[in-house]
Every structure is written in C-alpha cells, then in structure tokens.
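Below are some notes for a colleague who is opening this entry for the first time. Please read them with the model on screen.

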Amino acid sequence: MASYDVIIIGSGPGGYVCAIRCAQLGLKTACVEGRETLGGTCLNVGCIPSKALLHATHMLHEAEHNFAKMGLKGKSPSVDWGDMQSYKADTIGQNTKGIEFLFKKNKIDWLKGWGTIPEAGKVKVGDEVHEAKNIVIATGSDVATLPGVEIDEDVVVSSTGALSLKKIPKKMVVIGAGVIGLEMGSVYSRLGSEVTVVEYLDTITPGMDGEVQKGFQKILKKQGMEFILGAAVQGVEVKNGKAKVAYKLKKDDSEATLDADTVLVATGRRPYTDGLGLDKLGVSMSKRGQVETDGHWKTSVDGVYAIGDCIAGPMLAHKAEDEGMAVAEVLAGKHGHVNYDVIPGVIYTHPEVANVGKTEEQLKEAGTPYKVGKFSFMGNGRAKANFAGEGFVKILAHKETDRILGAHIIGPMAGDLIHEICVAMEFGAAAEDLALTCHAHPTYSEAVREAALACGDGPIHS
C-alpha cells in the first residue's frame, strides 16, 4: 500500500493544477484518473477541442467573407470534416501529453483507474488501496439533461457528441442559449448548418449584463443563427435518424415543433461525484448535488477537501485551477486564497464576449451608486482595419470612489482584453487609473482605455 501526503481524485484543470502545486510545495502527491488521458473534460471533450473547431471555422468565415475585401482572391476553401476532426484530435493530444510530461517532471504518481474513498485517509483505485493524509475531490461535472430528452450521442447529442458528429448537419436545434450552446451553435452555423437556439428564459446568456445579452443576440442573428426565447422544450422524438423537437411558448402556451438532423442539448452541467462513496463517508452535500465545503475547501470530513465544478460557484476551468492552487497552499501549511469577485467569464464565439465583476442589473438591485463608461469598437482603428468593429467595452465604476466594479466586453480578443480589468480590480484600481495608463497604438486594448476615459470626462475617439 502506497502512502501519500495528498491524493487528488480527478485530473481536470482543478485536479492537475492542484497536483502540480502540491508537488512544488514538497508534498508527496498522486492523482487518480480513469480516462486514458489526463486533463479531464476540459482538455479531452470540452474547452480545448471546442476552441480548435471555433478557430478552424472562424478561419473559414474569414476566407468566405473578408479575404476578397483585402485583395486576397481565389476560391473559398472547401471543408474536409475528417481533416478538421484530425486537427482537433491533434490539439487534444498535444495538450494531454503536456500534462503527462508535467506529472513526470514534478514526480506525481498517476493512479490509473476510477477512485473511491472507503474511509477518511484511504483511496481505492481498482483493487489497490492507497493511504493519504489528505484527499482532494476534483471530479468535475457531467452533462445535465431535460425530462423527455434522451441523449444518444448520435442524433440527440451533448457537448461531447457535438464535437465529433459523423457529418455536418443541414439543420441543428440547440436547446439552451448558454456558453456551450452558443459556441457550438456558431461552429455549425459557420459550417453551413441552419441553427435554431431554443431557450427557456427570455434572454440568451443567462446572468450576463442586459446590454451585452441584447447586443450579442443581434450579432449572432446577423450571422445566421435563429432564436426562440421563452420556450420550454417538451420532448424530442427521434425517427429514422431525424429529430422533432416539441416546445411550448411560455407567453401564450402555444405549442410548436422543429425538425432537425441534430439536436444539441446544452442545458448546463451537474456536479459529478458518482461512485466516490461520499454518502457512506458522511460528506455533506447540497440540494443541488454539490459537495459542501468551508472557506478553506474542507468538507465535513476531516482530511477531505473538494474543488472545481463539484462544489458551489461558476463551473469554469480557471476557477477550479485557482481553487486547486489555493488548496495546495492550505495543505502545505500556507494561506490559500481565491478572490471570487474577480473571476472572468468568456464566450469564444466571434466576436468574443467577456465579463468580470458586477453587472449593471446587480448594482441596481444592490442600490450601489455607479457610472458607466462605454466605447464602441467602431471607434478603434485596429478593429476597423480587421473587420472587427462590432461590439463595445463597458466599464462599471463606483459613482463616488471611481473604483472599478465590473466590465463587459463584446468584441475582438475580448477574452484577452478582460484581464487588464481583472488585474486593475485585484489592485482596487479606479477607472481613472486605467484611463491614465498609456496603451500602445493601434491595439484593441485602446478601446478599454477609452471606456475608462468615458467614466470620467469622456473618450477621445467617440
């Protein structure tokens, strides 16, 4: 029986980052993973493969719509779906092998198989039981589905199946207008599919800033995606390799159906803790199936911690990574900290959408005095040159102190631009601090500075 300072169950972004940080801090570390490759959902069937398809199809869109405008003449490229899938697989392989290399480099043992916790201080993998002073549950999340909708990963698919369809569908129905639904919907829309998104709520991207929701929906509609909002899906019927999606509109209870070659169920994810034996162990769980933890990620059982998608908070890889590093610090006797007020969110469509901190709606509800600084990418020289003038930067600052409370961006490289604001918020910066910082010209980041200027005397280029 092997003995460790810490065993982490799950090798997704939370688990593998936690393992590496534990090893760096001098703890004897092992990580349990049942897949053939490390990296969890994110690297294998989530963030990384979806970004490969998003990148490939964006290049196709550029070739079809913008190359000729720049004097690049010639036939538009044809799509070889098999080759695109190979490119995606190669991207996954490079990343998962990279994690394997990092495990070897940091002398982390990979315990291959599915783990259970028979008792505190012990982890069973296959027939072997390993001892650990501390156990970290980092088992992530799984696809959530709807009553009356059966996922077969052929006609009715989850985000996993959507990454590897046998062929590009003529008609696709996406159930759910959240991040996954809109990203994968935009992939197939660019590939020529007729994409219709059915959403239960009256807005897309639930929880996002209202102005962003409206602007983003307009842009996606212009790109060819259709939306049916305020609609409750009643069921999906599959017959002869085709699907019929039945839905009911909430406003008048009228019912209708949509025909589709493929239905993508993108109604969110649920914490995944199946088979760990947490009930027997006495680990407290929430009504939503999340592992309950205290302020230091400790569960109700001594020596057992939990991080990532299986605990409360946004289901984001980088949130799990931050928690993984913080738990490692705690286990090494140091102080681990995660600032949950500064966790960015990104949708990797084109244009990208990014946010951090509070929305305007949240500030209104809390009665916080605030001001808005906004700048359109149409006023940004670099964006105009690159056919990327759609969207805006919106900064929310405290009306009296000017401290940045949140930011929302639709536009080119929004997922990268948001981090300037994240850093500013970590330092408690005012909008004026951003406005007084020299930004290189011509860059997209100038739009962030202009939005910060708009919180004061006004932007220059608007």
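This is a predicted model: local features need pLDDT of at least 70, side-chain atom pairs count only at pLDDT 80 or more; totals for chains, interfaces and linings use all residues.

Residues are numbered from 1 along each chain as its sequence is written, and side-chain values use heavy atoms, with hydrogens and water left out.

1. H3 with H4. Helices (H or I, at least four residues) and strands (E, at least two) are DSSP runs numbered from the N terminus; axes are lines fitted to C-alpha atoms, for helices over the stretch in contact, with angles from 0 to 180 degrees between N-to-C directions. The crossing is right-handed, meaning that the near helix is turned clockwise from the far one by less than a right angle, anticlockwise being left-handed. Contact means heavy atoms within 4.5 Å; on this basis Ile48, Pro49 and Ala52 are among the H3 residues that meet H4, whose own residues in the contact include Met84, Tyr87 and Ile92. The contact divides into eight nonpolar, five polar and one charged residue. Here Ala, Val, Leu, Ile, Met, Phe, Trp, Tyr, Cys and Pro count as nonpolar, Asp, Glu, Lys and Arg as charged, and the others, Gly among them, as polar.

2. H3 with H6. Helix H3 (residues 47–65) also packs on helix H6 (residues 179–190), at about 40° and with the axes 9 Å apart. This crossing is left-handed. Leu53, Thr57 and His61 are among the H3 residues involved, and Glu183, Val187 and Arg190 are among those of H6. By class there are five nonpolar, five polar and four charged residues.

3. H1 with H9. Helix H1 (residues 13–24) and helix H9 (residues 317–331) have axes that come within 7 Å and cross at roughly 30°. The two are therefore roughly parallel, and H1 passes H9 in a right-handed crossing. The contact includes Tyr16, Val17 and Cys18 of H1 and Ala320, Gly324 and Val327 of H9. It has 11 nonpolar, two polar and three charged residues.

4. Domains. The domain assignment, which is automatic or from a database, gives domain 1 (3–143 + 270–332), domain 2 (146–266) and domain 3 (345–455). The centres of domain 2 and domain 3, taken over C-alpha atoms, are 30 Å apart. Their contact takes 17 residues from domain 2 and 18 residues from domain 3.

5. Buried area. About 1,400 Å² is buried between domain 2 and domain 3, with carbon and sulfur atoms giving 61%; this is the accessible area (1.4 Å probe) that two parts lose on being put together, summed over both. Asp209, Glu211 and Ile219 supply 35% of what domain 2 buries against domain 3, more than any other three residues.

6. Backbone. Most residues other than glycine have a negative phi, and most peptide bonds are trans. The bond from His350 to Pro351 is cis, with omega near 0°, and Pro351 is in the loop between strand E18 (345–347) and strand E19 (352–357). Another cis bond joins His441 and Pro442, with omega about -5°; Pro442 lies between helix H13 (431–435) and helix H14 (446–454), in a loop. Asn240 has a positive phi, near 50°, in the loop between strand E12 (231–239) and strand E13 (242–249).

Terms used. Angles under 35 degrees count as roughly parallel, over 145 as roughly antiparallel, 65 to 115 as roughly perpendicular and the rest as oblique.
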